[in-house]
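Subject: A structure for you to look at

Hello,

Here is the structure I promised to pass on.

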Amino acid sequence: MTGAAIEATGLGMKYRGRDGGWALRDCSFRLPAGRVCALVGPNGAGKSTLLALAAGFLRPAEGTVQVLGGAPGEARAKMAFVAQDKPLYPQLTVAATLWAGAELNPATWDQDTAERIAGELPRDAGVRSLSGGQRTRLALALALGKRPELLLLDEPMADLDPLARHQLMGALMAEAAEHSTTIVMSSHILTELEGACDYLLLVDGGRVRLGGETDDLLAAHTLLTGPVRDTDPHTVVESRTAGRLQTTLVRRQGPVDTTVWEATEPSLEELLLAHLRSPEAPALLTPSAEAGKEVAAV
Ligand SMILES: Nc1ncnc2c1ncn2[C@@H]1O[C@H](COP(=O)(O)OP(=O)(O)OP(=O)(O)O)[C@@H](O)[C@H]1O
């Protein structure tokens with residue numbers, strides 16, 4: 001059996017002074033350990049809020065979140081969080097920042113990994129003099145040098161050039177493969193996530209809309225193309241009509257009548273866009289993503 005890296009039950013968060021609106025509401029899901037999870041959703045969906053709750057930087061207004069089997073505060077030594085604004089000490093140099101990482105994490109610190117990720121950053125440069133992308137590199141060096149069991153990354157690649165992005169994604173994936181690190185990575189760049197992430201959480205309007213193994217979520221959906229016609233008994237996520245042709249993304253309920261429909265599996269982008277355009281489509285969590293369930297290891 002595999003344990004949960006994150007398990008949220010009825011998780012809700014309201015910010016003070018936000019007209020009583022919920023940033024996150026009634027959020028229940030389970031992320032099995034060892035997965036590389038893409039956290040996606042539109043601007044303001046609640047992704048950063050969810051990551052900050054899991055990191056223990058925010059306290060939920062309702063519900064609970066468990067991280068590596070305990071409260072987020074208890075798991076701090078075993079996780080690393082790279083927030084969207086990449087907080088670092090501006091008065092330190094690169095070398096002093098890495099030294100601080102080693103001092104603060106004596107039991108787990110991996111200097112070689114930290115040095116490799118820091119790459120060509122001048123070690124005597126002050127953090128305040130670094131560019132956005134260089135700060136990201138240093139923040140990732142700190143996070144990976146800590147050799148965490150759980151790595152929470154909030155839009156980590158947003159300000160990196162394509163080469164650095166490619167290199168650092170490779171380093172992240174190697175880390176995950178070698179040490180079974182659980183990674184949760186929010187991003188708006190689907191191409192960055194496709195192929196790298198084996199698990200998906202789609203958050204929209206403060207709720208989890210899709211959760212589970214990316215392959216299973218894709219396989220549960222079918223794009224039906226054919227005449228303008230009822231697609232019963234399948235559950236419709238989104239239907240679009242162009243002239244006499246109808247394209248409908250459905251969750252299959254039984255076999256598809258291929259004498260009527262051309263049936264294809266959607267791409268990740270098609271799956272996500274259809275759900276974002278159809279907020280009324282019911283949520284779907286695969287069994288491994290349902291809170292309160294233990295599932296067999298894969
Ligand atoms: N410190 C704050 N004070 C008040 N409201 C906040 C605060 N931080 C976030 N919010 C609100 O909470 C909601 C969720 O925001 P959050 O930053 O979690 O979304 P997000 O999915 O990470 O968005 P993005 O993709 O734009 O980074 C938004 O409506 C946002 O305006």
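Predicted model: local features only at pLDDT ≥ 70, side-chain atom pairs only at ≥ 80, totals over all residues.

**The chain as a whole**

The chain holds eight helices and 14 strands. Its radius of gyration is 21 Å, close to the 19 Å that the globule rule gives for 298 residues, so the chain is as compact as a globular protein of that length. Along the principal axes, the C-alpha atoms fill a box of roughly 65 × 45 × 40 Å. Of the 298 residues, 42% are buried. If you take the contacts with a separation of 6 or more, 70% of them are between residues 24 or more positions apart.

**Helix α4**

I would start with α4, which spans residues 132-145. The helix has 14 residues and reaches 20 Å from first C-alpha to last, close to the 20 Å expected at 1.5 Å a residue. Of those 14 residues, 11 are buried, so α4 is largely enclosed by the rest of the structure. Among the buried ones are Gln134 and Arg137, along with Leu138, Leu140, Leu142 and Leu144. The cover over the buried residues of α4 includes the strands β5 (79-82) and β6 (150-154), and the helices α2 (94-104), α3 (111-118) and α5. After α4 comes arginine 147, with a positive phi near 55°.

**Helix α5**

Next is α5, residues 162-179, where 18 residues reach 26 Å from the first C-alpha to the last, close to the 26 Å expected at 1.5 Å a residue. Which residues of α5 are buried? They are Leu168, Leu172 and Glu175. These residues cover an arc of only 60° around the axis, which puts them on the same side of α5. An α-helix has 3.6 residues a turn, so residues three or four places apart point the same way. The other side of α5 has Pro162, Leu163, Gly170, Ala177 and Glu178 exposed. What lies over the buried residues of α5 includes α4 and β7 (182-186).

**Backbone details**

Serine 180 follows α5 and sits in the loop between α5 and β7. This serine is not a glycine, yet its phi is positive, at about 55°. Is serine 180 buried or exposed? With 11 C-beta neighbours inside 10 Å, serine 180 counts as exposed.

You will find lysine 86 in the loop between β5 and α2. This lysine is buried, with 24 other C-beta atoms within 10 Å.

There is also a cis peptide bond, which joins aspartate 232 and proline 233, with omega at about 5°. Proline 233 belongs to the loop between β10 (221-227) and β11 (235-242).

**Around the ligand**

Finally, the ligand is surrounded by 11 residues, and the closest are Tyr15, Ala23, Asn43, Ser48 and Thr49. By type, the shell around the ligand divides into three nonpolar, six polar and two charged residues.

Terms used:
Residues numbered from 1 in each chain as written. Helix = DSSP H or I, 4+ residues; strand = E, 2+ residues; numbered from the N terminus. Expected span 1.5 Å × (residues − 1). Buried ≥ 20, exposed ≤ 12 C-beta atoms within 10 Å, placed from the backbone. Arc of directions from axis to C-beta. Contact = placed C-beta atoms within 7 Å. Near = placed C-beta within 6 Å. Nonpolar A, V, L, I, M, F, W, Y, C, P; charged D, E, K, R; others polar. Rg over C-alpha atoms; globule rule 2.2 N^0.38 Å.
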